Amino acid sequence: MSRIALDGERCVGSGACESLAPDFFEVGDDGVVTVLRSEPADDELRDVEAAVRTCPTRALDLVSEQPATAAG
Ligand code: SF4
């Protein structure tokens, strides 16, 4: 499972992410994006990855969430 991480301080409200993955990103009136859903399903990852790559200020990231495992 991957999770979207947003660094709101870097977002300049370009809207690139929203245009590529509108189910996940919405730029508000304040010019900062809101993450609508932070955990894309496997078949949604492609759009979200494209949005993350396209962000001009690298405000977005996709982080892998490791399933919790007992430490050996
Ligand atoms: S692409 Fe980046 S800078 Fe543009 S609205 Fe999305 S997070 Fe903000």
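**Entry: the model.** I began by noting that this is a predicted model.

**Entry: the cavity.** How many cavities of 30 Å³ or more are there? I found one. I then looked up the space inside the largest cavity, and it came to about 80 Å³. Its lining is made up of 15 residues. Nearest the centre lie Cys11, Gly13, Ser14, Cys17 and Cys55. Sorted by class, the lining holds 11 nonpolar residues and four polar ones, with no charged residues.

**Entry: the ligand.** Where does the ligand sit? I found it in the largest cavity. I counted 14 residues around the ligand, and Cys11, Ser14, Gly15, Cys17 and Cys55 come closest. Which classes make up this shell? I noted 10 nonpolar residues and four polar ones, and again no charged residue.

Entry: Are they buried or exposed? Cys11 has a relative accessibility of 17%, so it counts as buried, the cut-off being under 20%. Cys55 has a relative accessible area of 13%, so it is buried too.

**Entry: disulfides.** A disulfide is a covalent bond joining the sulfur atoms of two cysteines. With cysteines turning up in my lists, I wanted the count here: how many disulfides are there? The count comes to zero.

Notes: Residues are numbered from 1 along each chain as its sequence is written. This is a predicted model: local features need pLDDT of at least 70, side-chain atom pairs count only at pLDDT 80 or more; totals for chains, interfaces and linings use all residues. Side-chain values use heavy atoms; hydrogens and water are left out. A residue is near a molecule or strand if one of its heavy atoms lies within 4 Å of it. On a 1 Å grid over the protein atoms alone, a cavity is a set of points where a 1.4 Å probe fits but cannot get out, and a pocket is an open set with protein on both sides within 12 Å along at least five of seven lines; lining residues have an atom within 4 Å of a point. A molecule sits in a cavity or pocket if more than half of its atoms lie within 2 Å of its grid points. Ala, Val, Leu, Ile, Met, Phe, Trp, Tyr, Cys and Pro count as nonpolar, Asp, Glu, Lys and Arg as charged, and the others, Gly among them, as polar. A disulfide is a pair of cysteine sulfur atoms within 2.5 Å. Buried means under 20% relative accessible area, exposed over 50%, partly exposed in between (1.4 Å probe, protein chains only). Grid points are joined across faces, edges and corners, and a volume is the space filled by probe spheres set on the points.
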